[in-house]
Amino acid sequence: MADDVRARTDAELHDLLHRRQDLARPAPADLSALAARASTRASVQRAVDSLDLAHLQVLEAASAAPQPVTAEALAALLGATTEQVAPTVDDLWALALLWRSPEGLRVVRTVGEVLVHPAGLGPSASDLAGRPTAPDDVATLVDQAPAAARAILDRLTWGPPVAVLPAGTPERVATGARWLLEHHLVASVGTEQLVLPREVALALRGGRSHAEPALSAPAPTGDTREPGAVDAAAGQQVTDLLSLVDELAAEWGLRPPRVLRSGGLAVRDLKRLGSVLDVDQVRAAFVAELTYTAGLVADDGSLEPSWAPTPAYDEWQQQPGDQRWAALARAWLLTTRAPHVVGTTPPGATGTVNALGPDAHWPPARGLRRDVLDLLASVPTGLAPRADEVVASLRWHRPRRVPGSVDAVVAAVLREAEWLGVTGRGALSSAGRALLEGRDESSLAAAMHPHLPTPVEHVLLQADLTAIAPGPLAGGLATFMRLVADVESRGGATVYRFTPDSVRRCLDAGWSVDQVLGALGDASHTPIPQPLDYLVRDVARRHGQARVGAMRAYIRCDDETTLGAMLAERELSPLQLRSVAPTVLVSPVAAETVLDFLRENGFAPAAETPDGGIVVPQAGRHRTPLQRRSAPVTATGVDDELVTTLVGALRAGEEAAQYHRDQLASRPGPSLPSTDPTTTLAVLRDAAADRQPVWIGYSDADGHVQRLLFQPERVEGGRVHGTVDGTARTLSIHRVTGAAAG
Amino acid sequence: MPDGPLIVQSDKTLLLEVDHPSAEEARRAIAPFAELERAPEHIHTYRVTPLGLWNARAAGHDAEQVVNALITHSRYAVPHALLVDVADTMDRYGRLTLEKDPEHGLLLRTTDRPVLEEVLRHKKIKPLVGDRLDQDRVLVHPSERGHLKQELLKIGWPAEDEAGYVDGEAHRIDLDNADWSLRPYQQQAVDGFWHGGSGVVVLPCGAGKTLVGAGAMAQAKATTLILVTNTVSARQWRDELLKRTSLTEDEIGEYSGARKEIRPVTIATYQVLTTRRKGVYTHLDLLDARDWGLVVYDEVHLLPAPIFRMTADLQARRRLGLTATLVREDGREADVFSLIGPKRYDAPWKDIEAQGYIAPADCVEVRVTLPDTERLAYATAEPEDRYRLASCSPVKIPVVEKIVARHRGEPTLVIGQYLDQLDELAQRLGADVITGETPVAQRQKLFQAFRVGEIDLLVVSKVANFSIDLPEASVAIQVSGTFGSRQEEAQRLGRVLRPKGDGRTAHFYTVVSRDTVDAEFAAHRQRFLAEQGYAYRIVDADDLPTATA
């Protein structure tokens, strides 16, 4: 192998390093090191995984064939011509998965570890320590095989070559298996497994390695679309998408949904988004994920975090539609997030995946997305391949890389590409092609530009309180219209409806009635319909009629002159007095301070309680709350009576103690010091071996320590078995407080 | 990019820019399959629904025409999904056909076997069909013709009814064309209906639906059963038929609560047909009393549910539905489609108005401000009393007087809901009151006086307002009454929209109390009227003299 690598030309090495990039990092010291690295399991695994089906089948055939291999032999195995196989064989050599030994082409040994059962073929009979069966014999034997044996062979022929016969296999099957073993058609591995030797399998397969050789890529088919129609459809989708993003931002700017503790958007909020945007939840999740990916919305990072548009959104929003699209499309192409998993339950998980959450992050998404799009780019312009054929093609190109969920992923990518205008009616749009070519931002935008409707700068106002923008609105006007009216219908045009609520919303946002009417008048070629004018004025008439604010003190006085004097008094200016009615002043300063200031300046205010009563003045009589006094501590002396009693008690106590000592001393056996468990164990073991009784202290269930003369018999598992007074007892060692030989 | 007048929205609405040079062409192209929803001044909104598409199919349009109309007139690219949906939906119509076979009788035939398999497996359809003749045909019990069509529509496979009709008992009816003739659109409506066999003609109030009925009868030349909403309407039909056709009084019978006559042309009310005694519809025999050749349904959008059930059994007879709108508040548009038939003719109000057949109307909402005491009473009132308080405010009376004075000499109606309010108004205005309690004779006497111009002012309750025909009313003033439904409003407006001899502008006033629920109902009315394309203004009561000068 090393010699082979050393013999390669610079161009061939360049090609190898380019196609197996892991070999170049870190840079190998010399060609021998390169050869060694190329045959490590990790590197080979990577190389094999990236093969397409044609290369994989040839490599499998090569692994299964006797070494060294020739293109002719492989062609025979694959049922193809040598011309068909030879380029692939050369390519596998270029990838250093095959190498040229002096005898001929060999498969790199590690490939065998990666492809355990190449083409579903078991190990060769020689590896199984059996004798190889000649192909002719196989045919004869198979003819004679009982039905059960045939059934087993049929299952094993095209792989996997291993069968498990667990205990309890039906007798009929077990008989078949025994017959096969006796005739060396299968070998047994371990006690329960049967394996079909490679030679037998090949004989059964008629000398072929693969049932369905697929040496050329399947060409996806589908309807062909007019390129103009494709781009027009793409443009229409982009118009829709941009307005959806704007509506999402408008909604979340107004009512930001909270960020779940686990990150992500609550299912309820996604539902609400769906109903606000008037799209299904799959699409709502896509729009949310896309804006997130493009950095247009984010977690606002506050104490109670919520999702809100970012400053980047405001910048983005001011750009022309084509550039806005370019930013979204590029973000989508590169993201490793997978919007389509939102709402699904991944295997093994308990809950569904939340939009914007960590679970929607799925790195393989990017590669698969790119693969699907590359495939779309590879078919003739205007062809809209069917989804199942895209899947088939993807499986051919990446047989070992496609995940089980590839159908769902492909469907999602095709769907999302359509929503993004990367495809139109299923075929790659010209702007989509520009995206895949990795053009820069401005030329990408230019590719979409002709297909987007020209922004309009006017709306049509109607007497039924609707406004219709007959095309996408330019940035500022769109924001204003969304503020002052509700979106009712979307598409090429946008229908807005004015309601008292929507107009009030606009006034709340700080617009004055004249500004609103002025902006509407500027936006419309026709005069504002009278009912609309009336609506705006009517809402404005009531808007702000009642005002709410917070202050810390008020001054009320029936005499307006007094209040006027207060307002005019220069000394009171720190109170920042303001008149809210002829008889009421307010101040942001605390009530006590206001009182003091007023008194100092010759006024005679009275304080008022919250319910309007007068606070009774208590000047000069400041008191603490009622205090509880404790009784004084007094000491009494010691008198004779006490002393006598005390001495009597002491005497009685001493006698009781002596009695207790005598009691203890009169008990049989030695005194029992507390011994540590190791010592206890040793004592008990010795006693058991010598068949001698021991005195032990044993703490019973109530915590009393009993004193026992114990005859231990054996010690095991933390317990000691033995007898006490002829009764068998089993005691736990940890409860024995001490032991002493009896 | 084509610069068409039409914008196709993703929610299947079509926006038509009326000022666009090719707007009329686009309107004609989309009218067969899209329902006009709103028709304000600049942009008309049409909606594409499955029923609309099937109506178009029934009228002989195919999906290609529809898609083509959308693409040709659309300003922007049409959402592909919508086009696919249109094609799919239209494709569902006509896969199943009801046919009459000389040998087997009524049968259901399919051009698509899986569809037949699907519907035959449906548990509601199974009992309605008989034996399977072959893979494509299955027998249908003749009595289930209507039910089957209803159920098939429900599951989205509407059947085309080509089983034909019985001719019925022949009876000569001619139009008395001496001094008048059918207007062109009425003739088109008659032709459209006759060609289609059965179905609905949609014409605005005052556009002469009765004459379309008469035209259809003249075409059928057979005994006819006419079903109308109430007795007054029945008498109008009778008068109109006597005037416009060769029918004589002896040939026209009235079948109502008062009279039970069965004649070659019989006019019956919905009410009498739906009367039940001990749970049994006692007047059902009428439907089989003669071998009717034509059944006419007036005001199809008000057709009560029991009539639908009866109609299901009348599928072998020609049926003509007349209405101002296909929209039903109860959402039973599908039953109209399957039991009476697809839409055969439709003309938007504005178009007919533009042709000069309906008086143009000026709609004014007059807002009065409640005095402070009433505002306080309103604020503290129970929610259920609020509407009455707001709408019966005495401050409305001088306003009404002012409006009446302004239109002195023009036939004027004052319409309200609450009797006390109406009585008081009548007293102040010196006019007669007609309510639901007014005897029919008195009612007709007053109407007649109003009609001939003896009196020019009437105060009518909402109840009375429903059925009357006042051809010369040119001013209507509504003082109270909720915005009940779109049809109710259409009807009310219809009162003042009848053709006027001198082409004067009709006026429709609504007097509303500001900042109350009354104004909320008015907002619905405003939206409806503006959507119908009527000029709508809101004025404050104080500004009234200058505003209406």
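**Ground rules.** In this predicted model I kept local features at pLDDT of at least 70 and side-chain atom pairs at pLDDT 80 or more, while totals for chains, interfaces and linings use all residues. Residues are numbered from 1 along each chain as its sequence is written, and chains are lettered from A and ligands numbered from 1 in the order in which they are written.

**Sheet, chain B.** I looked up the strand order: β1-β2-β4-β3 in an open, antiparallel sheet of four strands. Strands are DSSP runs (E, at least two residues), helices likewise (H or I, at least four), numbered from the N terminus. Pairing needs at least two DSSP bridges. β1 and β3 (34-38) of chain B are the edges, each pairing on one side only. I then checked β3(B) with β4 (residues 43-48) of chain B: four bridges, antiparallel. Glu35(B) faces Arg47(B) in β4(B).

**Helix on the sheet.** Helix α1 (residues 23-30) of chain B lies across β1, β2, β3 and β4 of chain B, at about 155° to β2(B). Angles run from 0 to 180 degrees between N-to-C directions, with axes fitted to C-alpha atoms (for helices, over the stretch in contact).

**Chain contact.** I found 26 residues from chain B and 24 residues from chain A (C-beta atoms, placed from the backbone, within 7 Å). On the chain B side, α22(B) gives the largest share, four residues.

**Helix pair, chain A.** The axes of α6 (residues 71-78) and α7 (residues 82-94) of chain A come within 9 Å and cross at roughly 115°. Leu74(A) and Leu78(A) are among the α6(A) residues that meet α7(A).

Technical notes:
Two residues are in contact if their C-beta atoms, placed from the backbone, lie within 7 Å.
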